[in-house]
Amino acid sequence: MATQVRKDLRRKLVEIAGSQAGYFSAGQALGAGYSYPAQRYHAVHHNWLRVGRGIFRLPEWPSSAHEDLVRWTLWSRRKGVISHESALAVHGLGDVNPERVHLSVPRGFRAKAEGVVLHRAVVEPAEREDHSGFWVTTPLRSLVDVASGSLDLDQVATAVAEALQRGLVTARRLRARADTMDPRTALRIERSLTTPDANSGPPSSTAEATLTRKLAGPRG
């Protein structure tokens, strides 16, 4: 292969990897001009590091924050969106430190892996943000997602309070989004908004009472 051709291929690959913390997929390498035999050659000779099935990394690339999220996004073939507790960590909300990456994927997604928690749900374009190499749910969507799960209510309330204080969400929008979910989620959001740390005005006792009745279901 001519030297100039190799340089051109390398340049294309670096452009791709540069926006993904040094990672790239076999499909992306193929699109850049590297055949599958060429990919095997570079992996065998340690020009590329194979970090997963069909996922590589340039060995000289420096480590960076959230690079594991890029890797899992590529693993999902870019169908996944970083969400729930992992999204809170990206946004710096609360003190959550999940052991596994939380990823929202389309309902028909079939792949599985031990290092990731999959949430099959629709994430609309307006509910995600583009970071370097991965998508992450917006603070609003992230808060509602964790409220719908098993995260301790105190941790949810802390994240809600910080989001309000930083102006990332408003109480009105958070309540409106939670109301589209199930009564339990709406109740947990309401309780999070009425903690002393959540500077969102006086507690909405009427709203909480209504939600509690809905959650309890019809009587007798």
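How are helix 8 and helix 9 oriented to each other, roughly parallel or roughly antiparallel? In this predicted model, they are roughly antiparallel. The chain has 220 residues, and 41% of them are buried. Its secondary structure comes to 10 helices and 8 strands. Among contacts between residues at least 6 apart in sequence, 56% join residues at least 24 apart.

**Helix 8 against helix 9**

- Helix 8 covers residues 171–178, and helix 9 covers residues 183–193.
- The two pack at an angle of about 165 degrees. Angles over 145 degrees count as roughly antiparallel, so helix 8 and helix 9 fall in that class.
- Their axes lie 9 Å apart.
- The crossing of this pair is left-handed.
- Helix 8 makes the contact with Ala171, Leu174, Arg175 and Ala178. Helix 9 contributes Ala186, Ile189, Glu190 and Leu193.
- By class, this contact has 6 nonpolar residues, 2 charged residues and no polar ones.

**Helix 6 against helix 8**

- Helix 6 (residues 139–148) also packs with helix 8, at an angle of about 50 degrees. The axes of this pair are 10 Å apart.
- That angle makes helix 6 oblique to helix 8.
- Helix 6 passes helix 8 in a right-handed crossing.
- On helix 6, the contact residues are Leu140, Arg141, Leu143 and Val144. On helix 8, they are Arg173, Leu174, Arg177 and Ala178.
- This contact has 5 nonpolar and 3 charged residues, with no polar ones.
- Leu174 and Ala178 of helix 8 take part in the contact with helix 9 and in the contact with helix 6.

- 3 strands form an open sheet in the order 1-3-2. The pairing is antiparallel.
- Strand 1 (23–25) and strand 2 (49–52) stand at the edges. Each has a single partner strand, so one side of each is left without a neighbour in the sheet.
- Neighbouring strands of this sheet are turned by 35 degrees against each other on average, direction ignored.
- Strand 1 pairs with strand 3 (residues 55–57) over 3 bridges, in the antiparallel sense.
- In this pairing, serine 25 stands opposite isoleucine 55 of strand 3.
- Helix 4 (residues 67–75) packs on the sheet and touches strand 1, strand 2 and strand 3. The direction of helix 4 makes about 5 degrees with that of strand 1.

- Strand 5 (residues 101–105) is mostly covered, with 5 of its 5 residues buried.
- Both faces of strand 5 are covered. Val101, Leu103 and Val105 are buried on one side, and His102 and Ser104 are buried on the other.
- Strand 4 (residues 81–82) pairs with strand 5 in the antiparallel sense, over 2 bridges.
- Strand 6 (residues 116–120) runs parallel to strand 5, and 5 bridges join the two.
- Serine 104 of strand 5 stands opposite valine 81. Serine 104 also stands opposite histidine 119 in strand 6.
- In general, strands of a sheet pair through backbone hydrogen bonds, either parallel or antiparallel. Strand 5 shows both senses: antiparallel with strand 4 and parallel with strand 6.

Terms used
Residues are numbered from 1 along each chain as its sequence is written. This is a predicted model: local features need pLDDT of at least 70, side-chain atom pairs count only at pLDDT 80 or more; totals for chains, interfaces and linings use all residues. Side-chain values use heavy atoms; hydrogens and water are left out. Axes are lines fitted to C-alpha atoms, for helices over the stretch in contact, and angles run from 0 to 180 degrees between N-to-C directions. Helices (H or I, at least four residues) and strands (E, at least two) are DSSP runs, numbered from the N terminus. Angles under 35 degrees count as roughly parallel, over 145 as roughly antiparallel, 65 to 115 as roughly perpendicular and the rest as oblique. A crossing is left-handed if the near helix is turned anticlockwise from the far one by less than a right angle, and right-handed if clockwise. Contact means heavy atoms within 4.5 Å. Ala, Val, Leu, Ile, Met, Phe, Trp, Tyr, Cys and Pro count as nonpolar, Asp, Glu, Lys and Arg as charged, and the others, Gly among them, as polar. Buried means under 20% relative accessible area, exposed over 50%, partly exposed in between (1.4 Å probe, protein chains only). Two strands pair if DSSP finds at least two bridges between them.
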